[in-house]
Amino acid sequence: MLMGYSFGDLGSIMAMQGFAGLSLFSVFVLMALGLAIIFGQMGVINMAHGEFMILGAYVTYLTSLTFTNYLPSLFSIYFFVAVTLAFCASGALGMLVEWALIRQLYRRPLDTLLATWGLSLILQQVYRSVFGAREVGVDQPDWMMGATNLSDTIQIPINGLIVMALTAVISIFVYLLIYRMKWGRQVRAVMSNRAMAGAVGIDTEKVDRYTFGIGCGIAGVAGSAFTMIGSTSPTAGQLYIVDTFLIVVFGGAQSLIGTIASAFTISQARSILEFFLSGSMAQVLVLLTVVGILMLRPQGLFVLKIRR
Amino acid sequence: MTFLNRKDIIGILLLALVIVVILPVCLDAFRLNLVGKYLTYGFVALGLVLCWGDAGILSLGQGIFFGLGGYCMAMFLKLEASTPENTKIQSTPGIPDFMDWNQITSLPWFWQPFHSLTFTLVAVPLVPMLLAFVIGLAMFKRRVGGTYFAIITQAVASILTILIIGQQGYTGGVNGITDLRTLHGWDIRPDHAKYVLYFVNAGLLIACVLLAQFVRRSKLGRILVAMRDKEDRVRFSGYDVANFKIFVFCLAAGLAAVGGAMFTLQVGFMSPSFVGIIPSIEMVIFCAVGGRTSILGAIYGALMINWARTTFSEDLPQVWLLAMGALFILVVVAFPNGLAGIYRRYLDPLVDRVMPPGGGRAGGRAPTMAAVEGPHASATVAK
Amino acid sequence: MSKDEKSGHTRSHSRRRLLQVAAALPAISVLPRRGYAAAPATAAVNTTGLAVTDDSVTVGILHSITGTMAISETGSVEAEKLAISQINSEGGVLGRQIKIIQEDGASDWPTFAEKAKKLLVNDKCAAVFGCWTSASRKAVLPVFEQYNGMLYYPTFYEGLEQSKNVIYTGQEATQQILAGLDWVNRTKGSKTFYLLGSDYIWPRTSNKIARKHIENHLTGCKVVGEDYFPLGSTQFNSVINKMKLVKPDVIYAIIVGGSNVAFYKQLKAAGVDLSKQTLLTISVTEDEILGIGGENIAGAYACMKYFQSLDNPNNKLFVPAFKKMWGEKSVIGDVTQAAYLGPNLWQLTAEKAGSFDIDKIAAASPGVEFKGAPEGYVRIHENHHLWSRTRVGRARLDGQYDVIYETADLVEPNPFPKGYQ
């Protein structure tokens, strides 16, 4: 496979593959970050995470329709408005779900898994009834389509750049939130020792609600980004859920750095393998390796050492 | 039978009455065949009661074992249906049709042993139990529990599905293995055959119920429950917790596999759509609705949900999905012990008044009466 | 079928209504009129206990209304209902109105098998219009053969099957693939092909046929790559890079379902210009373009037997009728049209056989012609597939296809092609 390509060709291919890997990495990070916050910080498994993502995608769809019909001159910036709206919509739904459902199940993580699965069924059916069973196409402004040429042979898709930029912004936002702001300190306190945190006066219920809301909001942003690279339909959320969970678990659930590291590893491995093998075999191999490593080191790559 | 008190015996007799007498009399062959299908899910639910309800191990991959058992049986039946004269229009007669379409010219080595019925009957429980043993050994010895274990079983289910679909030459791919005709010369397709299979299925189910109850009432069963509630104390008492977990996980896998094989026989095909994540989670729901600590409850739960699904989907498919989602949530939030919990709280005292419990433990269906679900809830792994 | 009971209305009002209704009918009258007076006796047309009365006959529709396949199968349901309502307004079949029992396969093959059994055994349907994926068809085939039903199956598929109890109204693989490959080789001089597909039986079998044709029947041509992706996969950047490296003359893509959307979006984002890079697909109809977005796929070629933009008198009546019933924004893909053929072919066959009995229908099917087909003309072959034309279309920005090429003659269906297996 490597024979017959010139050095220059190989170089370009390595550059483009590297970019493809980075692009996949940012997709995984967007998907996993929201879940990592919820799972890692709160121990809650949200099987409806994919549906929150799709809510963001549908909000983007509606925004693009509104702009096309009522504000055509501003269409080129609609995407940024859509991302913000997606964050708010998914975040709001997340807070509602937390108040109504998750709150009752904090001591029972396995049960939240089942309950959120039921929620995902309901959400899928709601989407199907409101938007129809078919996929909806989301229009993009011209400047977002196509590729830029870094050189004659290296072309980088603009979509990928936007997704990476979005991921970087979100990651920085999360980092600042958790590690630099007072509220983040409260979140970390609740996560380490809920009882003590409550004893020193932190409103644990409010902290939980906002954490869940932010996790879901990030999922909404991810869904918004995915309208550029994937399909938007009621069942599209299911496509991402298993991969997302594995990334979070592989990285070590309580560590955000771990999530990012794990997303990086898995995305690069899959991207490289896909180049040499077929898509199916690459996915199976990566899954097998991840499961194998998890069997040997079940707590994941990065572990937070805390005393219980 | 010391492991059954009077209440248990009555409960089991009632179940036997329903599935062996009442349903066959009231339903026609088509509907009865459907009930037979639901009962095979009962096997899986039974395994989950032991594994999840008693031992606190949530497996979201029971579809793996159901599917493996089903595929073993399907392979045997398919080989029998692919005799050279049945397949004479193929390029290579004597091998299953899907292999022919994929230009495979000779039977792969791992299909060869399935020519024998004895081997198949042994393989149906054994192959899945072997896989369960490997998974269990790797996970439980390292003290992986709770949510991690659940997610890993999901990943394994996902891997298996992709493998089966991708290797369509060897497994029939996404279409599955279809068009199964005879079991050792006996045609499984006509109505009277379906009746026979139904009764065999019912009989096997009752036998498995007795087995499960025996396990629960034994010392082993008590250790399982202790493990669920306070694993560390059991460990400190000198028991090797991992071995017990592996045992119960393998047992659940074996039960699921038997269900899978009976499913293949009654429905007439097996496909990867039973192996993946979604069917596995649904199997957990049957158990949850019926009552995760109640053996009989789990079987009734499997029966009722599947019956509801068939009925609703005939009339109102969209509403059914909403209803099922709501049912999940309701069962988990409001009725953690499912139907059996409701029975225990409201009906059991009435029954007790009519018929005082004679000999054996009170509250006949489960050794413990934990009203609130309390598996070891930590999301992290013991260090 | 709703018949307005005109109780409470005056005679003149009801006569005016009748005139209004009659004025709207001409657009749908593709078939010759038949009156109720011509209905043959039930005992003559139904000797096997099917659900037939003196003025009605029951058929089944079995598609996925929920689940992942609902996206694709909705169009088929709509087309079948349109065809049945048209036939009913013309007087029905053998003088009887058609009643529908609809079941949901829920994108789950075992459910398809179960519902098929219900439709045949409990409801005794005289015909069933249904299924979409090969998996669902394979699951129901034993049921139809055991209980002797008749299935009209609309999707283009991989062939390698033939049954007395199924009429395949979609193209089989050789009809779709061979003419398209010949065309691209002839008009574009294409020599190198990169084969892509979703990982299951239809794309794999189709690519096998394509490969054999390219290597053995087209001079100087070869396959320079072949890759498969799991159903539902959404990441194609690696293979797009591979293709950029290899620079094939033709990308031959058989990607299915949600992956389609991801593939074409990523292809466009990677800067692959479909007006310069030839891409030929057999899996993208107007329905799929709704999700993909016309701007992402404009310039690609598709090989089908029907396009919504076909210019012939039948299609000019069919498209407005469909839009009137199901909405102005409806699009009509190849499978939707093939589903529309089903009830019409059944009606013609039943009239020819003079009976609803399945054995008689199966015997009378070969040779039945449907001259009112929106694709022009079809005829049933002895192997229960259809003689039809193959066409190549080029995708436009608005989501429709320009029809660029059509075979001069009808292509014979050949589900067991020698030399391609």
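Visitor: Let's start with Asp179(B): buried or exposed?
Guide: First off, keep in mind that this is a predicted model. Asp179(B) has 20 other C-beta atoms within 10 Å, and the cut-off for buried is 20 or more, so Asp179(B) counts as buried.

Visitor: Where does Asp179(B) lie?
Guide: In a loop of chain B, between helix H7 (168–171) and strand E1 (182–183).

Visitor: What about the phi of Asp179(B)?
Guide: Asp179(B) has a positive phi, about 60°, although it is not a glycine.

Visitor: Switching to chain C. What's the phi of Lys247(C)?
Guide: Lys247(C) is not a glycine, but its phi is positive, at about 50°. You'll find Lys247(C) in the loop between helix H8 (237–246) and strand E8 (250–254) of chain C.

Visitor: And Lys247(C), buried or exposed?
Guide: Exposed: Lys247(C) has 10 C-beta neighbours inside 10 Å.

Visitor: OK, back to chain B. How many residues does helix H11 have there?
Guide: Helix H11 of chain B has 27 residues, 241–267. From first C-alpha to last, H11(B) reaches 39 Å, close to the 39 Å expected at 1.5 Å a residue.

Visitor: How many residues of H11(B) are buried?
Guide: 23 of the 27, so H11(B) is largely enclosed by the rest of the structure.

Visitor: What comes just after H11(B)?
Guide: Gly268(B), which takes a positive phi of about 95°.

Visitor: How do the axes of H8(B) and H11(B) cross?
Guide: At roughly 170°, and they come within 10 Å. H8(B) here is residues 191–217. An angle over 145 degrees counts as roughly antiparallel, so that is the label for H8(B) against H11(B).

Visitor: Which residues make that contact?
Guide: H8(B) brings Lys194(B), Leu197(B), Asn201(B), Leu204(B) and Cys208(B). From H11(B) you get Leu255(B), Val258(B), Met262(B), Leu265(B) and Gln266(B). By class, the contact of H8(B) with H11(B) has 7 nonpolar, 2 polar and 1 charged.

Visitor: Why would the contact residues be spaced like that along a helix?
Guide: An α-helix has 3.6 residues a turn, so residues three or four places apart point the same way.

Visitor: Now H9(C). How many of its residues are buried?
Guide: 12 of the 12, so H9(C) is largely enclosed by the rest of the structure. Among them are Phe263(C), Tyr264(C), Lys265(C) and Lys268(C).

Visitor: What span should H9(C) have at 1.5 Å a residue?
Guide: H9(C) runs over residues 258–269 and should span 16 Å. The end C-alpha atoms of H9(C) are 17 Å apart, which agrees. H9(C) is followed by Gly271(C), with a positive phi near 85°.

Visitor: And where does Gln277(C) lie?
Guide: In the loop between H9 and strand E9 (278–281) of chain C. Gln277(C) is partly exposed, with 17 other C-beta atoms within 10 Å. Setting aside neighbours within four places in sequence, Gln277(C) is in contact with Ile251(C) and Val272(C).

Visitor: Zooming out: what does the domain assignment of chain C give?
Guide: Domain 1 (28–171 + 311–387) and domain 2 (173–304 + 391–406). Their C-alpha centres lie 30 Å apart. The contact takes 15 residues from domain 1 of chain C and 15 residues from domain 2 of chain C.

Visitor: Which elements give two or more residues on the domain 1 side?
Guide: Helix H3 (70–89) and helix H13 (334–353) of chain C. That side of domain 1 has 6 nonpolar, 7 polar and 2 charged residues.

Visitor: Now between chains. How many residues of chain A are in contact with chain C?
Guide: 37 residues of chain A, against 32 residues of chain C. H1(A) gives the most on the chain A side, with 7 residues. The chain A side divides into 16 nonpolar, 16 polar and 5 charged.

Visitor: And how many residues are in the contact of chain C with chain B?
Guide: That contact takes 27 residues from chain C and 26 residues from chain B. H4(C) gives the most to the chain C side, with 7 residues. The chain C side that touches chain B comes out as 12 nonpolar, 6 polar and 9 charged.

Technical notes: Residues are numbered from 1 along each chain as its sequence is written. Chains are lettered from A and ligands numbered from 1 in the order in which they are written. This is a predicted model: local features need pLDDT of at least 70, side-chain atom pairs count only at pLDDT 80 or more; totals for chains, interfaces and linings use all residues. Helices (H or I, at least four residues) and strands (E, at least two) are DSSP runs, numbered from the N terminus. The expected span of a helix is 1.5 Å times one less than its number of residues. Two residues are in contact if their C-beta atoms, placed from the backbone, lie within 7 Å. Ala, Val, Leu, Ile, Met, Phe, Trp, Tyr, Cys and Pro count as nonpolar, Asp, Glu, Lys and Arg as charged, and the others, Gly among them, as polar. Domain bounds come from an automatic or database domain assignment. Axes are lines fitted to C-alpha atoms, for helices over the stretch in contact, and angles run from 0 to 180 degrees between N-to-C directions. Angles under 35 degrees count as roughly parallel, over 145 as roughly antiparallel, 65 to 115 as roughly perpendicular and the rest as oblique.
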